[in-house]
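Here is a short tour of one protein model.

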Amino acid sequence: MNFKYFSFAEFNCPSLSDSGKNMDINFIYKLEHARELAGIPFRITSGYRTKERNHQVGGVSNSSHLIGVAADIAIGSGNERYIVLNALIKAGFKRIGVAKTFIHCDTDDSKPNSVWTY
């Protein structure tokens with residue numbers, strides 16, 4: 001499977017090689033659309049996670065990263081945060097977490113639509 005902006009490897013859990021292939025294809029396509037709208041690179045800092053890795057990073061027990069429908073995108077400035085957030089919303093993401101250094105997005109249908117801060 002080829003994507004324009006991303007590779008499965010970018011979503012790998014550091015503790016499990018090739019785990020990026022566990023990502024949901026529709027999630028990646030939606031993220032590709034957001035990346036296209038943003039017009040700036042998205043650096044993925046967290047994609048798929050094993051239960052062990054999720055525990056190590058302090059993730060919640062029902063983290064969307066565990067089922068391959070979430071990613072964290074590095075953010076370097078307020079302007080970059082605005083561009084990425086705007087693109088995610090336009091691409092149809094309805095679950096977004098905003099932190100000082102990253103933005104989380106997911107497509108976990110088992111959870112309510114929400115925007116939150118860390």
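## A sheet and its surroundings

Strand β3, residues 95–98, pairs with β4 in the antiparallel sense over 4 bridges. A hairpin of 3 residues joins β3 to β4. Across this pairing, Ile96 stands opposite Cys105 in β4. The model is a predicted one.

On to the next pairing. Strand β2 covers residues 70–74, and strand β4 covers residues 102–106. The two run antiparallel, and 5 bridges join them. Within this pairing, Ile73 has Ile103 of β4 as its bridge partner. Asp72 stands opposite His104 in β4.

The table gathers the opposite positions named so far.

| Residue | Opposite residue in β4 |
|---|---|
| Ile96 | Cys105 |
| Asp72 | His104 |

Is β4 largely enclosed or open to the outside? Of its 5 residues, 4 are buried, so β4 is largely enclosed by the rest of the structure.

### Tyr29 on the helix

Tyr29 lies in helix α1. Is Tyr29 buried or partly exposed? Tyr29 counts as partly exposed, because its relative accessibility is 42%, which falls between the 20% and 50% cut-offs. Leaving aside residues up to four places away in sequence, Tyr29 touches Met1 and Phe3. Tyr29 and Ala91 are 62 residues apart in sequence. In space, their C-alpha atoms are 9.9 Å apart.

### The largest pocket

How much space lies in the largest pocket? The volume is about 420 Å³. The lining of this pocket counts 26 residues. Nearest its centre lie Arg49, Ser63, His65, Asp72 and His104. The elements that give two or more residues to the lining are β1 and β4.

A disulfide is a covalent bond between the sulfur atoms of two cysteines. How many disulfides does the model contain? The count is 0. Cys13 is in no disulfide, and its nearest cysteine sulfur belongs to Cys105, 17 Å away. Cys105 is likewise in no disulfide, with the sulfur of Cys13 as its nearest, 17 Å away. A disulfide needs the two sulfur atoms within 2.5 Å, so the 17 Å between Cys13 and Cys105 rules it out.

Are these cysteines buried or exposed? Buried means under 20% relative accessible area. Cys13 has 2%, so Cys13 is buried. Cys105 is at 0% relative accessibility, so Cys105 counts as buried too. Cys105 is also the residue that Ile96 stands opposite in β4.

Notes: Residues are numbered from 1 along each chain as its sequence is written. This is a predicted model: local features need pLDDT of at least 70, side-chain atom pairs count only at pLDDT 80 or more; totals for chains, interfaces and linings use all residues. Side-chain values use heavy atoms; hydrogens and water are left out. Buried means under 20% relative accessible area, exposed over 50%, partly exposed in between (1.4 Å probe, protein chains only). Two strands pair if DSSP finds at least two bridges between them. On a 1 Å grid over the protein atoms alone, a cavity is a set of points where a 1.4 Å probe fits but cannot get out, and a pocket is an open set with protein on both sides within 12 Å along at least five of seven lines; lining residues have an atom within 4 Å of a point. Grid points are joined across faces, edges and corners, and a volume is the space filled by probe spheres set on the points. Contact means heavy atoms within 4.5 Å.
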